[in-house]
Amino acid sequence: MTRLSHLTLRNFLIALHDLLATTAALFAAFYLRFEGGDGFYDRLPLLFQILPYFLAFSVVVFFVFNLTTTKWRFISLPDALNIIRVASVLTVALLVLDYIFVAPNVRGAFFLGKVTIVLYWFLEISFLSALRMTYRYFRYTRVRRHARTEDAAPTLLIGRAADAEVLLRGIESGAIKRIWPIGVLSPSNSDRGQLIRNVPVLGGIDDIEDVIGDFAKRNKPIARLIMTPSAFEPEAHPESILMRARKLGVIVNRMPSLESGDTPRLTAVAVEDLLLRPSETIDYERLEALIRGKAVIVTGGGSIGSEICERVVAFGAARLLIVENSEPALYAVTEALAAQGSAAAVEGRIADIRDRERIMRLMAEFKPDIVFHAAALKHVPILERDWSEGVKTNIFGSINVADAAQSAGAEAMVMISTDKAIEPVSMLGLTKRFAEMYCQALDHDLSAGSGGARPMRLISVRFGNVLASNGSVVPKFKAQIEAGGPVTVTHPDMVRYFMTIREACDLVITAATHALGTQRSDVSVYVLNMGQPVKIVDLAERMIRLSGLQPGYDIEIVFTGMRPGERLHEILFASEEPTREIGVAGIMAAQPNEPPMQTLRKWIAALEQAIARDDRATIRTILKDAVPEFGSTAA
């Protein structure tokens with residue numbers, strides 16, 4: 001409920017209106033019941049005595065049921081129900097006043113009577129609603145009039161009635177501009193022939209050509225299609241919608257799902273929208289409870305790091321420090337966050353996670369509550385060539401971040417890992433697996449030595465390929481298609497998991513909420529549920545078709561051969577770390593399986609000496625000793 005200190009002049013004017021409406025309803029009920037005769041005038045003196053107390057009680061009722069604080073511009077069914085509740089409470093109050101206080105103690109007979117009280121209930125609802133509905137209709141007609149006169153594009157909405165209704169509300173409220181909805185095409189048969197906020201459902205999705213052609217014949221050409229979230233469900237055949245629209249020369253936009261708190265703005269339809277499995281349902285209140293008011297450090301400002309920055313700011317972090325070694329990347333992420341106008345204090349610092357003293361000093365000064373460690377070298381073929389650099393960044397850099405987070409008193413450190421760390425065949429997977437093992441061992445030692453105090457948590461979160469991220473195959477295929485081909489695929493049987501950056505980052509934060517739950521879990525490695533794997537050649541063919549071209553005819557697909565460090569199929573869990581359900585949608589866990597810290601320290605010391613000598617043979621021997629399964633599943 002809104003606090004009294006937050007009330008504005010507008011709220012007091014609304015309360016004044018409701019008092020006048022209540023007074024008018026009461027007098028009108030008396031006048032109608034007693035037909036303006038002697039009975040009416042005889043009751044006026046007592047009515048004027050009672051009125052101030054009744055109105056004072058009414059003000060309290062208005063406030064309790066939120067009539068005073070609801071914006072009239074957005075009045076809807078819940079507000080109408082509140083008006084009915086207010087009228088009912090006030091009617092009951094009149095009934096108690098008449099039957100218990102006035103009749104036996106003042107007049108010796110009923111003052112209002114049942115008919116007057118019933119009349120008052122109907123009149124109160126009418127008088128409280130009339131001006132509100134009038135104002136709501138005025139704003140509605142004004143927005144629609146502006147929409148038609150400001151070069152609004154005649155638009156077809158694609159999707160079920162519920163989604164279309166959300167979009168229409170956005171247009172009516174002015175949140176979505178320059179759109180004039182003229183019809184809806186719904187995949188649901190039950191929607192056909194219906195009106196949604198006065199916009200007709202003209203048919204099904206298969207009727208796109210007929211509907212657009214019919215409007216063109218009437219010199220009312222449709223300029224735009226808007227796909228709502230339900231239009232991207234498999235049964236709606238989103239590929240077909242996009243291909244038909246392109247053939248017809250119609251612009252296609254999409255409305256994002258509102259579950260994540262996105263505003264109902266329109267965006268371009270990306271190929272990634274059509275490649276996805278259904279996203280997991282995210283408990284955003286849970287994420288806000290973890291992040292709100294916290295001091296957060298994010299290492300790495302690439303695709304994943306920058307998205308985590310955006311999410312922690314959106315979830316109410318008080319302070320955010322971004323640690324990035326690339327000046328352009330740091331500038332890009334800080335500028336993007338500044339453009340959002342967030343209330344969080346955002347700071348960016350250039351630093352290399354390999355520089356242990358610098359990282360320790362930055363974290364000690366900032367004193368983070370949570371550290372998200374996304375900085376890493378990730379490109380498989382590059383690390384196969386320069387793998388000693390991967391050891392320096394992915395292993396020693398992660399050790400530096402973990403130790404600095406512990407020293408600075410952080411509640412948790414979350415390391416972004418990869419599904420390639422499972423029975424690794426590449427240096428990327430091998431170095432990430434070693435970093436996981438260090439975090440697991442440190443988490444175990446902190447728990448064992450906590451002495452009942454709540455120790456810091458160190459967790460790793462594994463997931464696969466992220467659509468549209470730096471190095472992802474999707475933007476590569478896009479560029480190759482735009483250049484006229486060929487599209488290059490390494491192997492016809494190559495399979496990968498895919499998910500969106502937004503979903504991956506939300507699930508990473510969700511994993512942190514589980515690790516920091518009220519009861520400490522021994523889980524320290526989490527794996528995101530990435531659904532069914534996608535065959536890369538099928539992905540390439542689908543993207544070519546979505547561009548309005550034919551694979552093998554307009555655009556060739558060329559197989560270039562597997563690159564060093566690649567395997568055909570990714571693995572979610574190693575054979576020695578069985579899965580474990582944790583009761584959180586979209587996330588599984590691996591049973592802890594780490595060598596003791598004492599053993600890890602010996603390997604780390606030996607690695608440091610071998611790196612200093614650039615002794616690659618010794619480095620490889622140490623890593624193979626630490627991760628015996630390395631290379632065991634090489635394709």
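**Entry 1: the whole chain.** I note at the start that I am working with a predicted model. I looked up the secondary structure and found 19 helices and 22 strands, and I saw that 50% of the 635 residues count as buried. For contacts with a separation of 6 or more, I found that 76% are between residues 24 or more positions apart.

**Entry 2: strand β9.** Is strand β9, residues 319-324, largely enclosed or open? I checked its six residues and five of them are buried, so I wrote down that β9 is largely enclosed by the rest of the structure. I then looked for its pairing partners, and found that β8 (residues 295-299) runs parallel to β9 and is joined to it by five bridges, with A295 standing opposite R319 of β9.

**Entry 3: helices α18 and α19.** How do helix α18 (residues 597-613) and helix α19 (residues 616-626) lie relative to each other? Their axes come within 9 Å and cross at roughly 160°, and because angles over 145 degrees count as roughly antiparallel, I recorded α18 and α19 as roughly antiparallel to each other. The crossing of α18 past α19 is left-handed. Among the residues that meet there, I listed W603, L607 and I611 from α18, and I619, I622 and L623 from α19.

**Entry 4: backbone details.** I reminded myself that most residues other than glycine have a negative phi, and that most peptide bonds are trans. In the loop between α18 and α19 I came to D614, which is not a glycine and yet has a positive phi of about 55°. K367, also not a glycine, has a positive phi of about 55° and sits in the loop between α11 (356-366) and β11 (370-373). With a relative accessible area of 52%, K367 is exposed. Last, I looked at the peptide bond joining G485 and P486, which is cis with omega about 0°, and I placed P486 in the loop between α15 (473-482) and β15 (487-489).

Definitions and conventions: Residues numbered from 1 in each chain as written. Predicted model: local features only at pLDDT ≥ 70, side-chain atom pairs only at ≥ 80, totals over all residues. Heavy atoms only, no water. Buried < 20%, exposed > 50% of the residue type's maximum accessible area, 1.4 Å probe, protein only. Helix = DSSP H or I, 4+ residues; strand = E, 2+ residues; numbered from the N terminus. Pairing = 2+ DSSP bridges. Axes fitted to C-alpha atoms, helices over the stretch in contact; angles between N-to-C directions. Parallel < 35°, antiparallel > 145°, perpendicular 65-115°, else oblique. Left-handed = near helix turned anticlockwise from the far one by under 90°. Contact = heavy atoms within 4.5 Å.
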